[in-house]
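Dear colleague,

I am handing over the structure below, together with an account of what was found in it. Please look through the sequence and the model before reading on.

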Amino acid sequence: RHAGENTPPAARAQVEAQAAAAEHVADRFEKGVPSARVVRVPGAAHMMWESHEADVVREMNSFMDSLK
């Protein structure tokens, strides 16, 4: 999630801190599970299936195809 230009500074800082924390968690997961494939979707909201449905469907299909 990205803060818009009209976002108050305190809210902008909170959004940026949350994004940094999420990136840190993804990095740790990637390092801790080397066989994992972590997909980052820039600008995705928390419920990314709503904000980036096509990306989610594509990645889910790719994952399921890899199981065959």
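**The pocket and the helices around it**

Helices H1 and H3 each contribute at least two residues to the lining of the largest pocket. Please keep in mind throughout that this is a predicted model. The volume of the largest pocket is about 910 Å³, and of the 27 residues that line the pocket, Val39, Arg40, Val41, Ala44 and Met48 are the closest to its centre. Rolling a probe the size of a water molecule over the atoms is a way to show where empty space is left.

**Salt bridges**

Side chains of opposite charge can pair when their charged atoms come close. The structure holds seven salt bridges, and I describe some of them here.

Arginine 40, already named among the residues closest to the centre of the pocket, meets glutamate 30 in a salt bridge between their side chains, with 3.3 Å from N to O. This pair links distant parts of the chain, since arginine 40 is in the loop between H1 and helix H2 (48-51) while glutamate 30 is in helix H1, 10 residues apart. Arginine 40 counts as partly exposed, its relative accessibility being 35%, and glutamate 30 also counts as partly exposed, at 32%.

Another salt bridge joins glutamate 59 to arginine 37, where the closest N and O atoms are 2.7 Å apart. Because glutamate 59 lies in helix H3 and arginine 37 in the loop between H1 and H2, the pair ties together parts that are 22 residues apart in sequence. Buried or exposed: which of these words applies to glutamate 59? With a relative accessible area of 17%, glutamate 59 is buried, because the cut-off for that word is under 20%. Arginine 37, by contrast, counts as exposed, at 59% relative accessibility. When residues up to four places away in sequence are left out, glutamate 59 touches Arg37 and Val39, and Val39 is one of the residues closest to the centre of the largest pocket. The helix that holds glutamate 59, H3, covers residues 53-66.

The side chains of lysine 68 and aspartate 65 also meet in a salt bridge, at 3.4 Å from N to O. Lysine 68 is exposed, with a relative accessible area of 81%, whereas aspartate 65 counts as partly exposed, at 48% relative accessibility.

**The surface**

Which residues form a nonpolar patch on the surface? The patch is made of Met60, Phe63, Met64 and Leu67, which together have about 440 Å² of accessible area. Methionine 60, one of these residues, lies in helix H3, and its relative accessibility of 48% means that methionine 60 counts as partly exposed.

**A distance along helix H1**

Finally, glutamine 18 lies in helix H1, which covers residues 9-32, and glutamine 18 counts as partly exposed, at 47% relative accessibility. Glutamine 18 and serine 35 are 17 residues apart along the chain, and their C-alpha atoms are separated by 26 Å.

With best wishes

Definitions and conventions:
Residues are numbered from 1 along each chain as its sequence is written. This is a predicted model: local features need pLDDT of at least 70, side-chain atom pairs count only at pLDDT 80 or more; totals for chains, interfaces and linings use all residues. Side-chain values use heavy atoms; hydrogens and water are left out. Helices (H or I, at least four residues) and strands (E, at least two) are DSSP runs, numbered from the N terminus. Buried means under 20% relative accessible area, exposed over 50%, partly exposed in between (1.4 Å probe, protein chains only). Contact means heavy atoms within 4.5 Å. Patches are made of residues with over 30% relative accessible area and no salt bridge: like charges are joined within 9 Å, nonpolar side chains (Val, Leu, Ile, Met, Phe, Trp, Tyr) within 5 Å. Accessible areas come from the Shrake-Rupley method with a 1.4 Å probe; for residues, only the protein chains shown count as cover. A salt bridge is a side-chain nitrogen of Lys or Arg within 4 Å of a carboxyl oxygen of Asp or Glu. On a 1 Å grid over the protein atoms alone, a cavity is a set of points where a 1.4 Å probe fits but cannot get out, and a pocket is an open set with protein on both sides within 12 Å along at least five of seven lines; lining residues have an atom within 4 Å of a point. Grid points are joined across faces, edges and corners, and a volume is the space filled by probe spheres set on the points.
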